[in-house]
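Subject: A structure to look at, with notes on its aromatic rings

Hello,

Here is the structure I promised to pass on. Please have a look at it first, and then read my notes below.

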Amino acid sequence: MNDFWTTILDFAETTTTRVGKQLMQDFGKVQASQKADGSLVTQADKWADQEICDVIASHFPDHGILSEENNKVFPGTEWCWVIDPLDGTTNFTRGLPIWSISLGLLYKGTPIFGYVNVPPLGQVFHGFWAGSSGLTTPSGAFLNHHPIHTSSDAPSNNHFFNFCSRSTSVIQTGFPCKMRMLGVASYNFLTVASGATLGGIEATPKIWDIAGAWVIVQAAGGNWKSLKDQPFPLLSGEDYSDRSFPTLAVSRPEIVPVFTPFLKNLKI
């Protein structure tokens, strides 16, 4: 791994570890307010967002920033960080130990590095995915620095599939897996990357929910299927605050047809 990517990885690890320690102090102890889109936000979200934005601006002054609680317009810079400072705010406020800090680093509008820290579980995911960028990057997906890969199993009643609260219409008679609802978009997809689940669906994820996981799922061998608009590359000057990107992520492309018949009633 060259010096650039070592710097990027070290930065993501140091920053999310420090922010995560403070968030753990607030975990289950803060009150949330409702935003215009119906989602929840706390002072912890706002603090973490500003803290991460400030340290990015200090370390990478030529990089743009797109974040859930701050800068929601893609600046069109060659390099841009996409931040979800606290994915899973409802879990966070209620004391449920699944929530994350998610970072995605974009090159020309498309993520090529993803880093997601899940402090209460002691799990840290990262991955590199050069795609069609033309860049030379490291390869692979990792959980706590150990390589991970999606499952090669066929769907069965002994395997898991994740849902969000807005995708329950997918739950129908004959669904081929056991169903789980974790409440965190990034972690929903990362369990696919690690092989714990065979698939996951999110009906209304925002760009900051998926930027980090998008890289890691594909680097782990998974298949990312956009159900409406393709999320990447981002468009310069576009406001992403009210845009959702319905997504199905599965362990391998061969099983996509197993799940797509159940999506016909999904409202996207």
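How many aromatic pairs does the structure hold? There are 24 aromatic pairs, where rings of Phe, Tyr and Trp (its six-membered ring) pair if their centres lie within 6.5 Å, and planes under 30 degrees apart count as stacked, over 60 as edge-to-face and the rest as tilted.

One of them joins F125 and Y187, an edge-to-face pair at 6.2 Å centre to centre with 75° between the planes. This pair links distant parts of the chain, 62 residues apart: F125 is in strand 7 (residues 123–128) and Y187 in helix 4 (residues 185–193). Helices (H or I, at least four residues) and strands (E, at least two) are DSSP runs, numbered from the N terminus. F125 counts as buried at 2% relative accessibility, and Y187 does at 12%; buried means under 20% relative accessible area (1.4 Å probe, protein chains only).

A tilted pair is formed by F163 and F175, with 5.4 Å centre to centre and 55° between the planes. It also links distant parts of the chain, twelve residues apart, with F163 in strand 10 (residues 160–163) and F175 in the loop between strand 10 and strand 11 (178–181). F163 is buried, with a relative accessible area of 2%, and F175 counts as buried at 7%.

Have a look, too, at the aromatic cluster formed by F4, W5, W79, Y107, F113, Y115 and F128.

Please note that this is a predicted model: local features need pLDDT of at least 70, side-chain atom pairs count only at pLDDT 80 or more, and totals for chains, interfaces and linings use all residues. Residues are numbered from 1 along each chain as its sequence is written, and side-chain values use heavy atoms, leaving out hydrogens and water.

Best wishes

Notes
Buried < 20%, exposed > 50% of the residue type's maximum accessible area, 1.4 Å probe, protein only.
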